[in-house]
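Please look through the structure below before reading the numbered points. The notes take the contacts and the packing in turn.

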Amino acid sequence: MWTADDEQIGDAQRLLASHAHTLAEGAGAAVLAAVLARPDTFAGQRVAVVCTGGNASAAEIAALGG
């Protein structure tokens, strides 16, 4: 099991929004954040990440801009 901090999760949310055009709440982006925090672990592999959670609050959506 891996963890990700709030900053990593926010970065993953922004990445999902900007590159995948997918809005995810923090819990939905947490798995992507954990994977992105460990690039050496996943280098050279195909990785699927299940992104869930479209219940982002207005504050979370506003925070995606910065």
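1. Over the whole structure, a search finds one salt bridge. This is a predicted model, and the note should be read with that in mind. The partners in the salt bridge are the side chains of Asp11 and Arg14, with a distance of 2.9 Å from N to O. Side chains of opposite charge can pair when their charged atoms come close.

2. Where do Asp11 and Arg14 sit relative to each other in helix 1? They are three residues apart in that helix, which covers residues 6–19, so about one helical turn separates them. Asp11 is partly exposed, with a relative accessible area of 39%. Arg14 is also partly exposed, at 25%.

3. The search for aromatic pairs, again over the whole structure, finds one. The ring centres of Trp2 and Phe42 lie 5.4 Å apart and the ring planes are at 80 degrees, so the pair is edge-to-face. The pair links distant parts of the chain, because Trp2 belongs to the segment before helix 1 and Phe42 to helix 3 (residues 39–42), 40 residues apart.

4. Phe42 has a relative accessible area of 18% and is buried; the cut-off for buried is under 20%.

5. In soluble globular proteins, nonpolar side chains tend to be buried together. Which residues make up the largest nonpolar core here? It has seven residues: Ile9, Ala12, Leu16, Ala24, Ala29, Leu32 and Ala33. The elements that give two or more residues to this core are helix 1 and helix 2, the latter spanning 26–36.

6. Leaving aside residues up to four places away in sequence, Ile9 touches Ala4, Gly26, Ala29, Ala30 and Ala33.

7. Val49 is found in the loop between helix 3 and helix 4 (58–63). With a relative accessible area of 33%, Val49 is partly exposed.

Key: Residues are numbered from 1 along each chain as its sequence is written. This is a predicted model: local features need pLDDT of at least 70, side-chain atom pairs count only at pLDDT 80 or more; totals for chains, interfaces and linings use all residues. Side-chain values use heavy atoms; hydrogens and water are left out. A salt bridge is a side-chain nitrogen of Lys or Arg within 4 Å of a carboxyl oxygen of Asp or Glu. Helices (H or I, at least four residues) and strands (E, at least two) are DSSP runs, numbered from the N terminus. Buried means under 20% relative accessible area, exposed over 50%, partly exposed in between (1.4 Å probe, protein chains only). Rings of Phe, Tyr and Trp (its six-membered ring) pair if their centres lie within 6.5 Å; planes under 30 degrees apart count as stacked, over 60 as edge-to-face and the rest as tilted. A nonpolar core is a set of buried Ala, Val, Leu, Ile, Met, Phe, Trp, Tyr and Cys residues joined through side-chain atoms within 4.5 Å. Contact means heavy atoms within 4.5 Å.
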